[in-house]
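Please look over the model below before reading on. These notes go through its charged side chains, point by point.

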Amino acid sequence: MKEKRNSLHEIAVFGGAGVGKTSIVKRFYCGKFSEEYEPTVEDCYSKVLNKNGSIMVLNTTDSSGSYQFPAMREVAIKRASGFILVYSLDSKFSFEELKRLLYEVIEKKKSADIPVVLVGNKKDLEEQREVSSEQVVKEVMAFAREKGCEGKLNMRQVETSAKDDCNISDVFDEVVDMLEDCTHSPCEKKKRFKRIIKNKCTIM
């Protein structure tokens with residue numbers, strides 16, 4: 001009989017202003033969505049999950065991605081084991097901000113196999129899309145090679161709509177799966193960039 005394990009995971013969520021990261025977190029933890037935008041400094045959420053018979057506590061810190069709170073962001077990065085980085089599909093600028101945040105995570109963690117889920121939110125604004133899923137893969141991998149940190153990442157990509165409650169649970173499922181894999185067995189040396197687009201999964 002397979003041993004059941006109890007575990008605790010700390011996740012940090014970052015993203016530029018207005019990308020909907022707080023909406024994603026509140027959708028998952030509270031089942032709520034609001035059209036009203038309120039800037040985030042830092043909020044914490046906790047949830048008990050039963051995953052394949054194993055009980056786990058999932059703590060998530062919703063942090064500001066702005067330059068105004070570097071000390072708080074550094075603490076959140078060092079405390080977390082997994083990361084959700086959010087950009088808006090209708091904003092190329094927010095994707096450039098995501099790359100900055102990704103590099104900051106890598107620099108602060110100084111470890112290999114960092115579980116990161118890249119989330120393109122606002123899929124409900126498809127007609128206003130400025131960033132394609134293929135572009136994300138290409139530019140992030142090129143960015144990682146440029147910075148010499150390609151081998152430190154274990155990444156997934158998910159496109160969501162917090163407004164329509166689309167693929168929200170997939171975001172947290174992916175980061176939890178990566179954390180569980182690294183906790184209970186050695187992480188694969190071959191890095192994967194797994195994409196979840198329109199409810200289909202492909203491995204690159």
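Is glutamate 159 buried or exposed?

1. Glutamate 159 is buried, with a relative accessible area of 1%. Buried here means under 20% relative accessible area, exposed means over 50%, and partly exposed lies in between (1.4 Å probe, protein chains only).

2. A word on the source. This is a predicted model, in which local features need pLDDT of at least 70, side-chain atom pairs count only at pLDDT 80 or more, and totals for chains, interfaces and linings use all residues. Residues are numbered from 1 along each chain as its sequence is written, and side-chain values use heavy atoms, with hydrogens and water left out.

3. Glutamate 159 has a charged partner. Its side chain meets that of lysine 123 in a salt bridge (3.0 Å, N to O). Lysine 123 lies in the loop between strand E5 (114–121) and helix H4 (133–147), and glutamate 159 in strand E6 (residues 153–159), so the pair ties together parts that are 36 residues apart in sequence. Lysine 123 is buried as well, at 14% relative accessible area. A salt bridge is a side-chain nitrogen of Lys or Arg within 4 Å of a carboxyl oxygen of Asp or Glu. Helices (H or I, at least four residues) and strands (E, at least two) are DSSP runs, numbered from the N terminus.

4. Why do such pairs form? Side chains of opposite charge can pair when their charged atoms come close. By the rule used here, the count comes to 16 salt bridges.

5. Take arginine 73 and glutamate 104 next. Their side chains form a salt bridge (3.1 Å, N to O). Arginine 73 lies in helix H2 (residues 70–79) and glutamate 104 in helix H3, so this pair ties together parts that are 31 residues apart in sequence. Arginine 73 is buried at 4%. Glutamate 104 also counts as buried, at 13%. Salt bridges that share partners join Arg73, Glu97, Arg100, Glu104 and Lys108 into one network.

6. Now a pair within one helix. Glutamate 74 and lysine 78 form a salt bridge, with their closest N and O atoms 3.0 Å apart. They are 4 residues apart in helix H2, so about one helical turn separates them. Glutamate 74 is partly exposed at 27%. Lysine 78 is exposed at 51%.

7. Finally, check lysine 99. Lysine 99 sits in helix H3 (residues 92–109). Its relative accessible area is 10%, so lysine 99 is buried. Leaving aside neighbours within four places in sequence, lysine 99 is in contact (heavy atoms within 4.5 Å) with Glu139 and Phe143.
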